[in-house]
Amino acid sequence: MSAVRKVEVAGENGYSIEIGPGLLEDGARLSKPLRGRHALIVSDGNVAPLYLDSVETTLHAARPDLTLARFVMPAGEHEKTLARFGECLHALAALGATRDATVIALGGGVIGDLAGFAAACWMRGIDCVQLPTTLLAMVDSSVGGKTAVDLPSGKNLVGAFHPPRAVIADTAALRSLPERELRAGLAEVVKYGAIFDATFLDWLEAHADALLARDDDALAEAIARSCAYKAEVVARDPFERGDRAMLNFGHTFGHAIETEQGYAGTSGDGLNHGEAVAVGMVLAARLSAALGRASLADAERLQRLLQRLGLPTAIPPGLPPQALLARMRLDKKADAAGLRFVLWDRAGAARIVSGVPDQDVLAVLAA
Ligand SMILES: NC(=O)c1ccc[n+]([C@@H]2O[C@H](COP(=O)([O-])OP(=O)(O)OC[C@H]3O[C@@H](n4cnc5c(N)ncnc54)[C@H](O)[C@@H]3O)[C@@H](O)[C@H]2O)c1
Ligand SMILES: O=C(O)C(=O)C[C@@H](O)[C@H](O)[C@H](O)COP(=O)(O)O
Ligand SMILES: [Zn+2]
């Protein structure tokens, strides 16, 4: 078996991120973070048939005293709702989950966000172990403790900061991931280069083909480096009071697109989160250039890289600029003074900017 890579998130509520093939079959590793006797495994209708029986069997073999239950919900962003969250809490009640119980999130970011939020709320907070099965969840959503569900009026509007107790990423699960979801995960990988480290963009340009071909080493390197970038900033700023907001690069635009499309991404006729973020990053880079803050050449380079990774870089038809701007008013970075955007100084360096005139935003949306 290849070596297991480990990234530590430092701090009072620190935890390890373990990355490697076959980890879902490692009973000792899966059961180590479980403190009590109860665990609820939350998953979706695509992931459960592939991995849930085996995870349960593995956990039981390692910890025969565990009482396990499962909550399997339909897949898709449009299911990341208060209603499904409520059902998940009822599953915890049916299990008789005590305060030392654990919620185990087995799936992509939708499952991780909803299960993490249920863990944050059940009895005012129990442990959550993240077992991410998409690339996006391995590089981003399983780390950092942002948990949430969507409202029709906006993405992740109801949620809590609740760091996981452990993150265990079995890279072998990526073999069953649909091509489109692999590419979506790469958008958030590109984000780290865009905001923190231009040399990572060089690396991604050099390894784009290997990543798309699911080369094990290239994927493991991309995941470990992404987790290291994220671990550093969330340890410093767990509640997004400062520069953690850089991780929102492209998201003000991206979330507006997802919301305006009614979270139709996974059903095929809309953009999923990673795709919307890809478009949003290009728009943020172009807005930075339009405001004279960064070079247009950098924005074009970012766009070329995303296109090479098979990601969309333009707003889909049928989304009027004014409607998208209205959606942005509920962005979580906005305050009483108005919208705030994560913009570029240059590739690899970003900052949060207030007071961007609406007409500049509209011009970028309309271009
Ligand atoms: N909390 C955070 O910090 C954070 C960060 C980034 C994104 N997010 C959230 O994450 C969500 C997007 O996550 P996602 O891209 O993982 O989407 P997702 O959870 O919808 O998963 C994508 C699709 O892949 C399927 N799938 C998952 N793993 C699979 C596997 N191994 N094999 C086959 N199919 C598999 C799922 O069933 C689903 O249909 C969004 O809701 C976004 O807001 C949160
Ligand atoms: O961890 C963070 O911080 C992020 O912003 C990561 C983003 O990729 C992620 O999509 C997050 O859920 C967005 O957060 P939100 O606060 O804008 O809902
Ligand atoms: Zn994101």
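The centres of domain 1 and domain 2, taken over C-alpha atoms, are separated by 28 Å. For the protein chain, the domain assignment places domain 1 at 5–176 and domain 2 at 231–366, with bounds that come from an automatic or database domain assignment. Keep in mind that this is a predicted model, in which local features need pLDDT of at least 70, side-chain atom pairs count only at pLDDT 80 or more, and totals for chains, interfaces and linings use all residues. Residues are numbered from 1 along each chain as its sequence is written, while chains are lettered from A and ligands numbered from 1 in the order in which they are written.

Domain 1 brings 22 residues to the contact and domain 2 brings 18 residues; two residues are in contact if their C-beta atoms, placed from the backbone, lie within 7 Å. On the side of domain 1 that touches domain 2, strands S1 (5–9) and S8 (154–161) each supply at least two residues, and S8 gives the largest share, four residues.

Now step back to the whole chain. The protein chain has 13 helices and eleven strands, which are DSSP runs (helices H or I, at least four residues; strands E, at least two) numbered from the N terminus. Its C-alpha trace spans about 60 × 40 × 40 Å along the principal axes. Of the 367 residues, 51% count as buried, meaning that 20 or more other C-beta atoms, placed from the backbone, lie within 10 Å of the residue's own. Finally, among contacts between residues at least 6 apart in sequence, 75% join residues at least 24 apart.

Methods
A residue is buried if 20 or more other C-beta atoms lie within 10 Å of its own, exposed if 12 or fewer, and partly exposed in between; C-beta atoms are placed from the backbone.
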